[in-house]
Amino acid sequence: MKIILIFLFCSMCSIAFAQQKLTLHFKHKVGDKNLHLFTETYENSFGETFTINKFKYYISKIVLFDSDAKQYAFPNNYYLIDAADSASKSISVFTTAKRIASIQFLIGVDSIKNVSGVQTGVLDPMNGMFWTWNSGYVFAKLEGVSTAAKVPGNLFSQHIGGFKNGENATRQIMLTVDSWQLTGKNLITIEADINKWFQSTHTIKISQHPICHSPGELAMQFADNYANMFSISTTN
């Protein structure tokens, strides 16, 4: 009888702490259109037409909240989402959570990593997301072509970063999932609407600011805007 009880107890513990895989898939859109690099022309709310050649950003500090507000954190995980790399757009984590009520994550790289010297993996400067002159990471990058950009080649290039006081461009995102239970595929699709990069909290026209390559007030305005890009699209 004692052996049976021990077996039952161990089985219950195993079930209680069993981990499930949860995948967050990031889908990029421009308004109601899917993002296609280089080939498709889009229009923002100012009537400026543009094509996008590059769209990349860092996701870190993921925290899952269940319906009882219990947290399941992944503080040391960093991900580089690249519109040109389909594999990078799906993030998988393993959790003992049974029901997800909300998801929190950081856009950008925390100050500790910014001052920790050369990193590896997705934080490797070879990924083109590090300012060697500024010893800091580019948190989000948008590049393309627009006739509204009155610069050589009509190129716009917006590299957003900054981690110091007064110029911090990291932004925390909180998305509600309506107390979704982890079963089956455990896939949550998160949409990022690039139109909100230009207009959300602030109005930023390509014609006025085609280039942003340094921390500061403009970079923080872009950060305020991209904090509003994300929404839950589908769960299954």
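Author: Let's start at glutamate 143. Leaving aside its neighbours within four places in sequence, glutamate 143 is in contact with Thr51, Ile52, Asn53, Lys54, Phe156, Ser157 and His159, where contact means heavy atoms within 4.5 Å. With one of these residues, histidine 159, there is also a polar contact: the two side chains come to 2.6 Å. A polar contact here is a pair of N or O atoms within 3.5 Å; within protein, one must be able to donate a hydrogen and the other to accept it, and residues adjacent in sequence count only if both atoms are side-chain atoms.

Before going on, a word on what you are looking at: this is a predicted model, in which local features need pLDDT of at least 70, side-chain atom pairs count only at pLDDT 80 or more, and totals for chains, interfaces and linings use all residues. Residues are numbered from 1 along each chain as its sequence is written, and side-chain values use heavy atoms, with hydrogens and water left out.

Glutamate 143 has a relative accessible area of 18%, so it counts as buried. The word buried means under 20% relative accessible area, while exposed means over 50% and partly exposed is in between (1.4 Å probe, protein chains only). Glutamate 143 belongs to strand β9, residues 136–145. Helices (H or I, at least four residues) and strands (E, at least two) are DSSP runs, numbered from the N terminus. Because 9 of its 10 residues are buried, β9 is largely enclosed by the rest of the structure.

Now look at the strands beside β9. Two strands pair if DSSP finds at least two bridges between them. β9 and β10 are antiparallel and joined by 7 bridges; in this pairing, valine 138 has glycine 161 of β10 as its bridge partner. With β4, strand β9 pairs in the antiparallel sense over 6 bridges, and there valine 145 in β9 stands opposite threonine 51. Strand β8, residues 130–131, also runs antiparallel to β9, with 2 bridges between them; tryptophan 131 has glycine 136 in β9 as its bridge partner.

The structure holds 15 aromatic pairs. Rings of Phe, Tyr and Trp (its six-membered ring) pair if their centres lie within 6.5 Å; planes under 30 degrees apart count as stacked, over 60 as edge-to-face and the rest as tilted. One of the pairs is tyrosine 57 with phenylalanine 230: the ring centres are 5.7 Å apart and the planes meet at 65°, so the pair is edge-to-face. Tyrosine 57 lies in strand β4 (residues 49–65) and phenylalanine 230 in strand β14, so this pair ties together parts that are 173 residues apart in sequence. Both tyrosine 57 and phenylalanine 230 are buried.

Phenylalanine 156, which is in contact with glutamate 143, makes an edge-to-face aromatic pair with phenylalanine 198, at 6.3 Å centre to centre and with 70° between the planes. Phenylalanine 156 lies in strand β10 (residues 155–161) and phenylalanine 198 in helix α3 (residues 195–198), so the pair ties together parts that are 42 residues apart in sequence. Phenylalanine 156 and phenylalanine 198 are buried as well.

Phenylalanine 198 brings us to asparagine 225, whose contacts beyond four places in sequence include Trp197, Phe198 and His202. Asparagine 225 is found in helix α4, residues 217–226, and counts as buried because its relative accessibility is 0%. A polar atom of its side chain lies 3.1 Å from the backbone oxygen of tryptophan 197. Tryptophan 197 is also a member of an aromatic cluster, together with Phe26, Phe55, Tyr57, Phe105, Phe222, Tyr226 and Phe230.

β14 (residues 230–235) runs antiparallel to β12, with 5 bridges joining them, and serine 231 in β14 is the bridge partner of glutamate 191. Strand β1 (residues 20–30) runs parallel to β12 and is joined to it by 7 bridges; here glutamate 191 in β12 is the bridge partner of lysine 27.
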